[in-house]
Amino acid sequence: MTKSIIKLTVNGENHEVLAEPRELLIHVLRERLNLTGPHIGCETTHCGACTVELNGKSVKSCTVFAVQANGAEITTIEGIAGPAGLHVLQQSFREHHGLQCGFCTPGMITRAWRLLKENPDPTEEDVRFGMAGNLCRCTGYQNIVKSILAAAAEINASREAAE
Amino acid sequence: MIPAAFEYHRPKDVGGVIALLQQHGDEARVVAGGHSLIPMMKLRMTDVQHLVDLQDVAGLGGIQVAGEQITIGAMVTQHMLINNADLTEAAPILKEAALQIADPQVRYMGTIGGNVANGDPGNDMPALMLCLGATYTLTGPNGTRKVAARDFYEAAYVTVREDSELLTQLTFAAPKGGYAYEKQKRKIGDYATAAAAVQIAREGGLCVAASVSMTNLSDVPVWSKAAGAALVGTDCGPAAIRAAVDAALKDINPTEDNRGPVEFKRHVAKTVIGRAIARAWSRS
Amino acid sequence: MNDLTPPTHDERVANLKGMGHSRKRVEDARFTQGKGNYVDDVKLPGMLFGDFVRSPYAHARVVSIDTAAAMAVPGVLAVLTAKDLAPLNLHWMPTLAGDKQMVLADGKVLFQGQEVAYVVATDRYAAADGVEAVVVEYSELPVVTDPFKALEPGAPVLREDLAGQTSGAHGARRHHNHIFKWEVGDEAATDQAIGEAEVVAEEMVYYHRTHPCPLETCGCVASMDKINGKLTLWGTFQAPHVVRTVASLLSGIEEHNIRVISPDIGGGFGNKVGVYPGYICSIVASIVTGKPVKWVEDRMENLMATAFARDYWMKGKISATKEGKITGLHCHVTADHGAFDACADPTKFPAGFMSICTGSYDIPVAYLGVDGVYTNKAPGGVSYRCSFRVTEAAYFIERMIEVLAIELNMDAAELRAKNFIRKDQFPYQSALGWEYDSGDYHTAWDKALKAVDYDGLRREQATRVEAFKRGETRKLLGIGLTHFTEIVGAGPIKNCDILGMGMFDSCEIRIHPTGSAIARLGTISQGQGHATTFAQILASEIGIPADSITIEEGDTDTAPYGLGTYGSRSTPVAGAAAAMAGRKIRAKAQMIAAYLLEVHDDDVEFDVDRFVVKGAPERFKTMKAIAYAAYNQAIPGVEPGLEAVSYYDPPNMTYPFGAYICVMEIDVDTGVHEIRQFYALDDCGTRINPMVIEGQVHGGLTEALAIAMGQEIAYDEIGNVKTGTLMDFFLPTAWETPHYTSDHTVTPSPHHPIGAKGVGESPNVGGVPAFSNAVHDAFRAFGLRQSHMPHDHWRIWRIAHDLGLHD
C-alpha cells in the first residue's frame with residue numbers, strides 16, 4: 001500500500017519517515033528512529049511497556065498507527081532527562097528500587113511523568129490507580145509506588161523552595 | 001501481531017468522511033481513538049481496506065452544558081469526560097463510569113463516540129446512554145437523523161447506523177437526583193462481568209423517576225423499563241429494590257465466558273444492580 | 001576531622017558496600033533512561049525477520065502445506081517446513097527431559113499454536129503477510145486435554161512416533177499416552193502407617209496450568225558468519241552456556257565457533273530456560289540465507305506455545321494421631337506434560353523436587369508417585385519462579401495440613417507448630433531422601449503469629465462468622481497460613497545435571513593493577529540485580545569496593561561455563577563460586593602482602609580491605625596496594641597478576657523457609673476478594689542486599705497473587721486456548737496488588753561459603769498457598785475442605801453457592 005512521509009517531533013527533534021499506513025508508532029520509534037526505550041510487551045493495549053507521551057497524553061504506542069501521529073509531538077523515555085541530568089523520577093526509581101528487569105521501566109517512568117504533571121501531589125491510591133495501565137512482573141509495584149510518591153515530594157519541595 | 005495493509009484517509013470535515021464511506025462501502029472503517037479497532041486489526045480479526053481517521057474532522061469535539069441540555073461531541077475522550085467540571089456538575093454519572101473504563105492510557109484515546117457506536121456489548125457508555133435516555137446524531141449521505149440510544153442497538157456489533165453514516169454527537173437532558181455506575185470486573189482494563197447504571201429522582205421520601213440499565217449482560221446494552229417502574233412511588237427500601245432487581249433480571253440474557261457461567265453472572269448482576277440502586281438512592 | 005584522619009573500621013566496611021548493605025543497583029542507570037539492550041533491540045545490517053505459521057487445531061494431521069502464495073508476498077525470502085529441516089535432522093529436537101519435540105509439524109500437530117512453518121522475510125510486516133498466505137490443509141483428530149482421560153484404554157494416540165516404545169527416558173511406559181512413573185519413598189510402610197492411623201485426611205489438590213509470562217516474550221537473533229564460520233546467537237536465554245552446547249550438538253558446528261549472548265532479559269521466571277523451535281529455525285534460516293535472522297514471539301504465541309507451568313493433579317493422604325502428630329504422607333501425582341515432555345528439570349528428576357512435599361514437617365514415613373502424561377496441550381512444564389516443582393510440593397503439603405486440621409478440628413497454626421522439624425533436628429533427613437541443611441521454624445512461626453496478632457484475628461473471624469449467620473454482613477474473613485520449606489540451589493553434580501552437564505556454577509575474577517576488578521559468572525540476571533549483588537559478595541571477600549567491581553554475565557565467549565539462572569540457584573551456586581574465587585584472590589593477596597610487609601604469610605591477617613600484621617594493625621597493605629604490587633613487583637615464588645577462577649559444585653541444596661500470613665475479606669455474593677494484610681517472613685540465610693531481597697519478595701508475592709487468584713492457561717474440550725491474551729490471562733496491576741509487610745529471620749546455611757540460601761522464588765512458593773489458604777479458611781466454618789485454584793470471582797462465588805450461602 002502507499003507509503004507516505006510522516007513528520008514527527010520526537011524528544012524535540014524533527015523527523016520525517018517514509019512508512020506504510022499500517023506501521024505502528026512503536027515500530028517506527030524503535031526501528032526507524034532507533035528509540036528502543038519503549039518496549040513491546042503484550043500488543044493488545046494491556047501492559048503499557050510501549051507508553052510514550054503523544055501531544056500531552058500518555059499513550060500506548062502499540063495501538064497507534066504512526067500515520068495517525070503525523071504532525072505530533074512525542075516524548076519517549078529517552079527524552080525525559082533534561083540537560084541538567086536525570087529527571088527526579090529516574091533517580092527516584094533507582095533510589096527506591098522501583099525496577100528489576102527494567103523492561104516495564106521506560107513505560108512506567110513516562111506514564112508517571114504525565115501523572116505527576118496532572119496530579120503533582122498524589123496519594124498512594126491516586127498513584128496505584130493512575131499507574132494501572134502499566135504492568136510490571138518483577139516488583140509487585142510497591143517500590144514503584146514508593147518511587148513515584150518520593151519523586152512527587154521531591155519535586156514539590158524544590159518548587160516550594162524556589163517560590 | 002501485525003495488521004494487514006490498508007489505505008489511510010484523514011478528511012477534514014464530515015462531508016469528506018461520508019464521501020469516503022460511500023465510496024468504499026464496507027471496506028472502510030472510521031477510527032476515532034482506535035483502541036477497540038486497532039487491536040482487532042492487529043489480530044487480523046477485522047478486514048479494513050480503508051481507514052478513515054476522524055481526528056482532523058471539524059465539529060466532532062466539545063462538551064456543552066447548556067441549561068438542561070448536554071451535548072457531547074463524538075470525539076470527546078474518556079479523559080476529557082472525567083476532567084470536565086461542568087459535565088461532572090451536571091451529570092456526575094459520566095465521570096463515575098468513565099473512570100471504570102479501561103486504564104489511564106486508553107482513556108486518553110478512547111472516545112465516547114467510538115464507545116457507543118461500536119456496538120460492543122462490553123462497552124460501558126452505551127448502557128449509560130440508555131439510562132440517561134440519550135439521543136445519537138447520525139450524519140449520512142441523506143443528511144442528519146437522530147436516533148434514541150434505546151433504539152440504536154440491535155445485536156452484538158450490529159446497530160441501526162448505516163455503513164455510510166457517522167455518529168457525530170450525543171445529547172441528553174441533565175439527569176436529576178442520585179446516580180450510580182456499579183461495575184464488577186476482574187481487573188483494571190477488563191470488561192464488566194456485570195455493570196449497572198442507575199439514576200433516581202426523589203421527592204419527599206419517595207422515588208419519582210428511576211432509570212436502570214446494564215452492561216455486558218446481553219448481546220446489547222439493556223435498559224430495563226420495568227426495573228425503573230418498580231422503583232417509582234417507593235422508598236427504594238429492600239422490598240422495592242428486590243422488585244426492581246427481579247424485573248431487571250428478566251430483561252437480561254448473559255452468556256458464559258472466561259468471567260464465569262450464566263448462573264454466576266445473573267447472581268452478580270442481581271448484586272450489582274441492587275447496590276447501584278441503593279447507592280443512587282442514597283445520593284438522591 | 002581532616003582528610004588525614006584514617007577511616008575507622010566501620011567507615012572502611014561501609015565504603016566497600018559489601019554483604020548486608022542495601023546497595024543501590026548499578027543496572028538502573030541504563031534501564032531508567034531506556035538504554036537497556038534487550039534482544040528485540042539488537043539490530044544488525046541486513047537482518048531478516050522470522051515468523052511462524054501455527055496450528056489452529058489441537059490435534060490434526062497436516063495433509064499439505066502450500067507455500068507458493070507466501071513466497072509471492074513481497075519481502076518473503078523463504079518458508080521452512082519440516083521437509084526442509086528433515087535432511088538436516090532438525091525437524092525434531094531433543095527436550096531437556098529426555099523426550100523429543102517437533103521443531104516444525106512433522107505430519108501432524110499435537111497442540112494449538114504448534115509451529116507448522118517458518119516464514120523468513122525482510123521485515124516483520126512482510127513476514128506476517130507471508131504467514132497469512134501459507135495454506136495448510138489439516139484433517140482433525142480427536143482431542144484429549146484431560147490427563148485422566150488420556151490414560152483411558154481407548155484414548156487417542158498422541159505420539160505416533162513413540163509407537164511400540166514401552167520405555168522412555170525415565171523408565172517404563174504403561175500406555176501410549178504415558179510418559180513415566182517416578183516413585184520416591186516407601187509405599188508399603190506409608191500405607192501401613194496411614195492404615196493404622198487414628199486420623200486420616202484425603203484430598204485431591206489440583207495446581208492448575210499457568211504460565212510465567214515475563215513482560216518480554218522469548219526471542220533471538222541468529223547470525224551465521226559464513227566467512228569465519230562463526231555463529232552468534234543473541235537470545236532470551238536463562239542458561240546461555242547450555243544453549244551453546246545444545247546448539248553445537250544439534251547443528252554440528254563446533255562449540256568454539258558458537259557464541260551465545262544473553263543480553264538484558266526482560267524477566268524470565270522459568271519461561272526462558274527451554275530451547276524453542278524459534279531458536280532452531282532462526283539458526284537454520286541464518287545459515288540458509290547467510291544473513292542475521294531475528295525471531296521474537298508475540299504475547300499470544302508466548303502464552304500458547306512456550307513454557308507452561310504446573311498442571312499437577314496431586315492426590316494426597318495424610319495421617320496423624322488424634323493429638324495431631326503426623327504419622328505418614330502419601331502423594332500420587334497425575335502430571336499433565338502436554339504434547340512433548342519438555343519439562344525443565346535436572347535429568348534424574350522427571351518430577352523435579354516434588355519429593356520436598358513433606359514440607360516443614362517431621363513426617364516419619366512418606367511416599368510420592370508421579371505419572372507423567374501426554375495431552376493435546378502445549379509442552380513446557382517449566383519452574384515458574386520456583387525450583388523444579390517446589391511450588392507444587394509446597395502447595396500440596398500446605399493444603400493437606402489445612403485439611404488435616406479440619407479433620408482434627410484443630411487450629412491450623414497449632415497443628416503446624418506441633419509437627420515442625422525442630423531446630424535441634426538439623427541437618428534433618430527427610431522421609432523422601434533430602435538432607436535439610438538448617439532451619440529454625442518455631443522461631444519464625446512464633447514471630448509471624450505475633451506480628452499479625454494471630455489470636456486477635458481468630459477472635460475477629462469468629463465474631464464475623466456470627467455476624468454473617470445473623471445476616472448483618474455478607475463478607476467473610478479468611479486467614480491464610482503457610483510455613484514453607486524450599487529446596488533450591490541445584491545442585492550437586494552427583495545427582496543434578498541438565499543434558500549431562502553437572503549443575504555447578506562458576507566465577508572468574510581479574511583484579512586490575514589499580515585495584516578495581518571485573519568478575520564474570522556462568523549465570524545471567526533477568527532482573528535479580530546480579531551486577532549489584534555479586535559485586536557485594538566479592539567486595540566483602542576481597543576488600544575491594546563493590547563500586548570498583550564490574551560484573552559480566554551472559555556472553556559465552558567471555559564468561560566461564562555455568563548452568564544459568566533459574567531455580568533460585570544463582571546465589572547458592574554462583575554466589576558460592578564468587579566467594580570461593582574471592583578467597584583464592586585473598587590467599588594470593590596474603591602472600592603478596594606478607595612479602596611487602598616483610599613478614600611470614602601466617603603473620604598477616606585480612607581486615608576488611610587490607611592485610612595487617614597480626615598484633616600491629618598500623619602495619620598494613622591495602623588491597624589496592626597489593627593489586628598494584630601483583631603487577632609491578634617480582635615476588636619470589638609468586639606468579640605476576642591477580643586472577644582466580646572457581647567452579648563450585650555445591651555439597652548440598654539449600655533450604656530457605658518462611659512464614660506467610662494473608663488476611664483476606666471475601667464478598668460471598670460477588671466472589672470479589674480484598675487483601676487486608678499480607679505478612680511475609682523469609683529466612684534465606686545470610687542476607688546479601690536487604691533492598692534487593694525485599695524487592696524479590698514483593699515481586700514473587702505478586703506473581704503468587706496472580707496464580708492463586710485468577711491466572712491460568714485454560715483450554716476448552718477441543719484444545720483451544722481460552723486465555724491467550726492479557727485480557728484473560730490475569731496479571732494484576734498496581735490497583736489489584738496489596739501492600740506487603742516483609743520480615744526476616746537469619747539461619748545461615750552451614751555448607752554455603754557465606755551462608756546464603758537464595759530468595760528469588762520463596763515468595764511465590766509460599767505465597768500461593770497463603771492466598772489460597774485464606775480463601776479456604778474464610779469458608780472453613782461453613783464446611784469447605786478443598787476448592788481448586790485459581791480463585792477468581794466466579795470460582796469463589798461457586799464455593800459460597802455450593803455451601804448454600806446464597807438465598
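**Close-up views of domains, helices and chains**

**View 1. The two domains of chain A.** Chain A is assigned domain 1 (4–79) and domain 2 (88–162); such bounds come from an automatic or database domain assignment. This is a predicted model: local features need pLDDT of at least 70, side-chain atom pairs count only at pLDDT 80 or more, and totals for chains, interfaces and linings use all residues. Residues are numbered from 1 along each chain as its sequence is written, while chains are lettered from A and ligands numbered from 1 in the order in which they are written. The C-alpha centres of the two chain A domains lie 22 Å apart. Contact joins 15 residues of domain 1 of chain A to 11 residues of domain 2 of chain A (C-beta atoms, placed from the backbone, within 7 Å). On the domain 1 side, strand E3 (residues 51–54) of chain A gives the most, with three residues. Helices (H or I, at least four residues) and strands (E, at least two) are DSSP runs, numbered from the N terminus. By class, this side of domain 1 of chain A has six nonpolar, eight polar and one charged residues. Ala, Val, Leu, Ile, Met, Phe, Trp, Tyr, Cys and Pro count as nonpolar, Asp, Glu, Lys and Arg as charged, and the others, Gly among them, as polar.

**View 2. Helices H3 and H5 of chain A.** H3(A) (residues 105–118) and H5(A) (residues 142–162) pack at an angle of about 40 degrees, with axes 11 Å apart. Axes are lines fitted to C-alpha atoms, for helices over the stretch in contact, and angles run from 0 to 180 degrees between N-to-C directions. The angle therefore makes H3(A) oblique to H5(A) (under 35 degrees is roughly parallel, over 145 roughly antiparallel, 65 to 115 roughly perpendicular, the rest oblique). From H3(A), A:Met108, A:Ala112 and A:Leu116 meet A:Ile144, A:Ile148, A:Ala151, A:Ala152 and A:Ile155 of H5(A). The contact residues are eight nonpolar, no polar and no charged.

**View 3. Chain A against chain C.** Here 43 residues of chain A touch 41 residues of chain C. Helix H2 (88–95), H3, helix H4 (124–130) and H5 of chain A each give two or more residues to the chain A side. That side has 21 nonpolar, 16 polar and six charged residues.

**View 4. Domains 2 and 3 of chain B.** Chain B is divided into domain 1 (7–53), domain 2 (63–173) and domain 3 (193–283). The contact takes 17 residues from domain 2 of chain B and 15 from domain 3 of chain B. H8(B) (125–132) is among the elements that supply at least two residues on the domain 2 side. H8(B) gives the most there, with six residues.

Conventions:
Contact = placed C-beta atoms within 7 Å.
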